[in-house]
Amino acid sequence: MRYTTAIFDLDGTITDSGPGIMNSIRYAVKKRGLPELPEEVLRSFIGPPLKEQFQSVFGLSEEEGAVMVATYREYYGDKGIFENRVYDGVTETFEKLKAGGVRILMATSKPEKYARQIAEHFGFSGYFDFIGGACMDGRRTDKNEVIEYVIDTCKVDRRKAVMIGDRRHDIIGAIKSGIHSIGVLYGYGSREELEKAGAEMLAVTPADIPELILK
């Protein structure tokens with residue numbers, strides 16, 4: 001088999017988490033008295049590490065970025081986490097990969113605590129051998145760090161592993177870790193973004209993923 005391990009991103013790849021994330025951003029921005037953001041900029045927060053994105057968008061210091069993340073979590077941990085849905089066809093993708101003997105793991109820049117809650121709530125945690133994410137204290141948010149954490153924890157053979165994600169961070173993280181990559185076009189990243197980042201393969205829909213992995 002060409003690939004024996006599939007490592008999935010969460011936001012924009014497994015679930016359409018945009019509504020909850022953007023509502024949480026709106027809450028934090030309003031509470032801290034910052035300028036309202038247009039939809040396009042709000043969407044840019046889906047995928048990248050939050051603190052760095054707050055710093056970039058608003059020109060904040062690292063400390064101020066951390067305060068924004070804490071404020072964001074006031075809404076997200078209570079409501080935003082469940083303003084979310086699993087993309088159509090993703091469950092079937094997991095079933096086909098499992099039937100094909102592929103191990104399924106998760107590597108997300110979202111805090112691991114939240115990722116596990118989401119997987120349990122939406123009923124797909126059983127497909128995963130391991131769910132890896134960031135720490136609540138702000139450590140391990142870089143995508144490459146998360147991927148390395150998952151690879152080390154699960155003793156992954158890099159030669160037969162593939163990362164599946166919707167943003168450039170997923171692809172760049174995979175390249176740094178020496179594993180293969182699939183960019184998904186149904187999430188929050190564009191074809192141009194994914195191709196420029198160096199995605200080896202592209203999936204238009206979730207149904208394309210098992211075809212690319214099991215071919």
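A polar contact is a pair of N or O atoms within 3.5 Å, and within protein one of the two must be able to donate a hydrogen and the other to accept it. In this predicted model, such a pair is found at the start of helix α7, where a side-chain oxygen of Asp142 reaches to within 3.0 Å of the backbone nitrogen of Asn144.

**Helix α7: length and end**
- Helix α7 comprises the 12 residues 143-154, which at 1.5 Å a residue should span 16 Å, and the 17 Å between its end C-alpha atoms agrees with that expectation.
- Just after α7, Lys155 takes a positive phi of about 50°.

**Helix α7: buried face**
- The buried residues of α7 are Lys143, Asn144, Val146, Ile147, Val150, Ile151 and Cys154.
- Seen down the axis of α7, these buried residues fall within an arc of 160°, and they therefore line one face of the helix.
- An α-helix has 3.6 residues a turn, so residues three or four places apart point the same way.
- The cover over the buried residues of α7 includes the strands β1 (5-8), β4 (103-111), β5 (130-134) and β6 (161-165), together with the helix α8 (168-177).

**Largest pocket**
- The largest pocket holds about 380 Å³ of space, and 26 residues line it, of which Leu50, Val69, Arg73, Ser109 and Pro111 lie nearest its centre.
- At least two lining residues come from each of α3 (50-58), α4 (62-76) and β4, with α4 giving the most, namely five residues.

Technical notes. Residues are numbered from 1 along each chain as its sequence is written. This is a predicted model: local features need pLDDT of at least 70, side-chain atom pairs count only at pLDDT 80 or more; totals for chains, interfaces and linings use all residues. Side-chain values use heavy atoms; hydrogens and water are left out. Helices (H or I, at least four residues) and strands (E, at least two) are DSSP runs, numbered from the N terminus. The expected span of a helix is 1.5 Å times one less than its number of residues. Buried means under 20% relative accessible area, exposed over 50%, partly exposed in between (1.4 Å probe, protein chains only). The arc is that of the directions from the helix axis to the C-beta atoms. Contact means heavy atoms within 4.5 Å. On a 1 Å grid over the protein atoms alone, a cavity is a set of points where a 1.4 Å probe fits but cannot get out, and a pocket is an open set with protein on both sides within 12 Å along at least five of seven lines; lining residues have an atom within 4 Å of a point. Grid points are joined across faces, edges and corners, and a volume is the space filled by probe spheres set on the points.
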